[in-house]
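Here is a short report on one protein structure. Take a look at the sequence and the model before reading on.

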Protein chains: 2
Amino acid sequence: LENICIAVDAMGGDHGVSVTVPAVTRALQHIPNLSILLVGDIGAIEKQMQLSNLVASDRLSLIPASQMVASDDLPSVALRAKKDSSMRVAINQISQGSAMACVSSGNTGALMAIARFVLKTLPGVDRPAILFPLPSVNGPVYMLDLGANVDCSAAHLFQFAVMGSVLIQAVTGSDALPRVGLLNIGSEAIKGTDAVKQAAQLLSEAEDINYTGFIEGDDIYKSVVDLVVCDGFVGNVALKASEGVAKMILKFAKEEFNKNIFYKLLGALCYPVLKNLYKRFDPNNYNGASLLGLQGVVVKSHGGANESAFFEAITRAVTEVHMNVPEKIKQVVAKQLGEPVL
Amino acid sequence: LENICIAVDAMGGDHGVSVTVPAVTRALQHIPNLSILLVGDIGAIEKQMQLSNLVASDRLSLIPASQMVASDDLPSVALRAKKDSSMRVAINQISQGSAMACVSSGNTGALMAIARFVLKTLPGVDRPAILFPLPSVNGPVYMLDLGANVDCSAAHLFQFAVMGSVLIQAVTGSDALPRVGLLNIGSEAIKGTDAVKQAAQLLSEAEDINYTGFIEGDDIYKSVVDLVVCDGFVGNVALKASEGVAKMILKFAKEEFNKNIFYKLLGALCYPVLKNLYKRFDPNNYNGASLLGLQGVVVKSHGGANESAFFEAITRAVTEVHMNVPEKIKQVVAKQLGEPVL
């Protein structure tokens with residue numbers, strides 16, 4: 001088994017080292033061929049390492065970084081004014097050849113801006129994109145772009161479909177091509193924007209894509225496709241509207257169960273049922289967004305990730321390195337563009 | 001009190017006359033100055049009128065229509081090949097001066113196409129739009145466009161905000177300007193498409209609009225604004241994704257409560273709580289979408305509406321006529337365009 005080295009931004013996310021260091025401890029225990037570069041405030045990292053009974057070794061090195069990207073830093077600020085941030089230094093490890101991938105639970109916009117600047121996009125890829133796993137009735141579904149690519153052309157949407165398909169095959173280990181749906185406002189061919197209609201044409205003509213047609217917003221959660229393709233504006237709104245509804249339902253449910261003492265008792269009795277229900281939507285169970293189209297593997301953990309969710313994000317990065325996702329994307333994009341694969 | 005005459009498409013929706021006729025019966029009982037033109041298959045209408053103890057009178061006339069728009073008819077087909085549909089004949093009543101408004105629970109796309117063709121848009125309005133009420137944590141929030149206007153310019157989004165503000169003031173009877181939010185992918189001014197950024201500029205400069213800034217997808221349900229403005233593509237996806245999540249949660253909740261006999265019992269005990277919870281999202285409690293920007297009042301009831309929901313849609317049409325919504329929209333649009341109000 002090849003050795004895989006991952007740079008971890010120790011400082012990102014809501015919980016910083018108290019989540020990242022224990023998750024790294026677990027990853028080193030579970031993944032034998034893994035080594036980690038832990039990047040950030042050495043004092044804070046070492047303090048947490050003591051608590052987690054973790055010691056530096058030939059599989060674990062610490063790399064200092066004097067700055068941190070805040071959750072509300074503008075990408076431009078993070079990029080220009082924080083050149084010694086844990087996020088930047090972690091990504092630098094890839095470009096310097098010290099690490100094969102980077103995992104961070106910091107600010108998404110900053111992570112994309114820095115990764116794009118430091119690593120550059122793959123040849124033939126116009127815009128990198130972010131792919132998220134979401135719950136659906138029969139297991140996870142993947143959606144991209146959730147990386148703020150607005151005003152996408154048909155060619156951009158097509159590339160998203162290509163990159164997402166490669167990633168899903170790598171993650172699931174399946175030979176079957178994932179089913180790809182294009183998000184639209186109706187299933188008839190006449191519906192939608194010009195970009196969406198032209199992308200549908202490109203996708204139905206492509207050989208290496210299992211394009212199943214247009215899907216609508218409610219289909220995201222019906223497990224009718226494995227990959228949902230849309231521009232970053234629509235994807236962001238769909239994802240956040242979904243979160244908003246789920247939170248409102250939770251709030252209303254709490255209010256209903258608090259209406260009287262009998263309902264409160266019922267609510268207490270229902271706790272295991274409601275807890276299991278909540279688990280099925282818990283973002284911790286759907287962690288690990290992939291930045292695709294870059295010359296390197298970058299995985300974004302969600303900011304509120306707990307230890308096991310951050311561990312999953314590390315595992316995702318290991319899989320992407322192991323399956324050589326960037327190289328595969330490069331090859332498929334080159335093939336789709338009709339260019340010889342170098 | 002002025003007399004208000006409403007044309008009702010008796011045949012539309014999932015339940016046809018079995019919902020529309022009882023709802024009309026109730027409307028005639030509750031709204032003294034209302035008269036109704038009931039449009040459709042006279043035989044079917046009369047049969048249901050007997051069951052509902054409803055008789056024709058000076059407040060209720062029947063108007064024959066030999067065709068029906070199906071829920072899957074393309075708008076173009078409904079418009080060109082079904083000139084004697086109940087929907088078309090009902091809208092014709094407005095252009096002929098026989099009715100002041102039309103209510104239908106038929107196919108949304110067809111209703112918009114026919115209404116736009118027959119009634120024409122108001123001067124200064126480029127595109128009519130559809131405004132929907134949605135649940136949010138502190139009562140209803142309104143959103144437009146949900147009428148398939150894709151590729152909207154800043155001027156279109158601005159007009160949507162104007163039309164939606166007028167409608168909400170009419171419906172709530174409030175003098176206060178409704179709070180208007182523009183749907184975007186972040187709250188910073190640099191985020192979003194050019195159209196959204198320019199619309200924000202127009203809205204912040206407008207006098208008669210209470211523009212509060214950008215909102216994100218999850219804010220739709222937080223009651224932070226009264227009106228959510230977006231293009232028809234984004235609106236449709238956000239609405240359907242929200243429905244999809246709510247249905248998935250319902251499905252998962254049923255599965256969890258069916259896992260064993262004890263949970264099943266608990267589920268049965270919880271029935272009143274869960275029923276109250278469901279009510280808070282029931283589309284029947286948020287019925288009546290307004291087609292805005294037309295030279296006439298057209299209200300779309302959702303297809304699955306029950307009697308009381310369809311009654312609400314009729315009430316909405318009465319309010320819009322009473323408050324003279326099209327004339328007010330015309331005046332505000334003319335003022336915003338800097339033109340003299342005729």
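Does A:Tyr263 count as buried or exposed? A:Tyr263 counts as buried, at 13% relative accessibility. Here buried means under 20% relative accessible area, exposed means over 50%, and partly exposed lies in between, with a 1.4 Å probe and protein chains only.

## About the model

This is a predicted model, in which local features need pLDDT of at least 70 and side-chain atom pairs count only at pLDDT 80 or more, while totals for chains, interfaces and linings use all residues. Residues are numbered from 1 along each chain as its sequence is written, chains are lettered from A and ligands numbered from 1 in the order in which they are written, and side-chain values use heavy atoms, leaving out hydrogens and water.

## Aromatic pairs and charges over rings

Over all chains, the structure holds four aromatic pairs. One of them joins A:Phe262 and A:Tyr263. Their centres are 6.2 Å apart, with 45° between the planes, and the pair is tilted. Rings of Phe, Tyr and Trp (its six-membered ring) pair if their centres lie within 6.5 Å; planes under 30 degrees apart count as stacked, over 60 as edge-to-face and the rest as tilted. A:Phe262 has a relative accessible area of 45%, so it is partly exposed.

Now turn to chain B. The ring centres of B:Phe262 and B:Tyr263 lie 6.2 Å apart and their planes meet at 45°, so this pair is tilted. B:Phe262 is partly exposed, at 46% relative accessibility. B:Tyr263 is buried, at 14%.

Charges also sit over rings. The test is that NZ of Lys or CZ of Arg is within 6 Å of the ring centre and within 35 degrees of the ring normal. A:Arg26 lies over the face of A:Phe311, 5.2 Å from the ring centre. B:Arg280 places its charged end over the ring of A:Phe252, 3.8 Å from the centre.

## The sheet of chain A

Chain A has an open sheet of 11 strands. Their order is S3-S2-S1-S4-S11-S10-S5-S6-S9-S7-S8, and the pairing is mixed. The edge strands are S3 (60–64) and S8 (210–215), each pairing on one side only. From one strand to the next, the twist averages 25°. Strands (E, at least two residues) and helices (H or I, at least four) are DSSP runs, numbered from the N terminus. Two strands pair if DSSP finds at least two bridges between them. Strands of a sheet pair through backbone hydrogen bonds, either parallel or antiparallel.

S5 (residues 129–136) and S6 (residues 139–144) of chain A run antiparallel, joined by five bridges. A:Pro133 has A:Tyr142 as its bridge partner in S6(A). Helix H6 (residues 154–172) of chain A packs on the sheet and makes about 165° with the direction of S9(A). Axes are lines fitted to C-alpha atoms, for helices over the stretch in contact, and angles run from 0 to 180 degrees between N-to-C directions.

S1(A) and S2 (residues 34–40) of chain A run parallel, joined by six bridges. In S2(A), A:Leu37 is the bridge partner of A:Ala7. Six of the six residues of S1 (residues 4–9) of chain A are buried, so this strand is largely enclosed by the rest of the structure. A:Ile4, A:Ile6 and A:Val8 are buried on one side, and A:Cys5, A:Ala7 and A:Asp9 on the other.

## Helices and a loop in chain B

In chain B, helix H2 (residues 42–51) lies across S2 and S3, at about 150° to S3(B). Helix H7 (residues 194–205) lies across S7 (179–183) and S8, at about 155° to S8(B). Helix H4 (residues 86–95) of chain B is mostly covered, with nine of its 10 residues buried. Just after H4(B), B:Gly97 takes a positive phi of about 80°.

The loop between H7 and S8 of chain B holds B:Ile209. B:Ile209 is buried, at 8% relative accessibility. B:Ile209 and B:Val162 are 47 residues apart in sequence, yet 7.0 Å apart in space, C-alpha to C-alpha.

## The nonpolar core

Which residues have the most contacts inside the largest nonpolar core? They are A:Ile220 and B:Ile220, in a core of 123 residues. A nonpolar core is a set of buried Ala, Val, Leu, Ile, Met, Phe, Trp, Tyr and Cys residues joined through side-chain atoms within 4.5 Å. Contact means heavy atoms within 4.5 Å.
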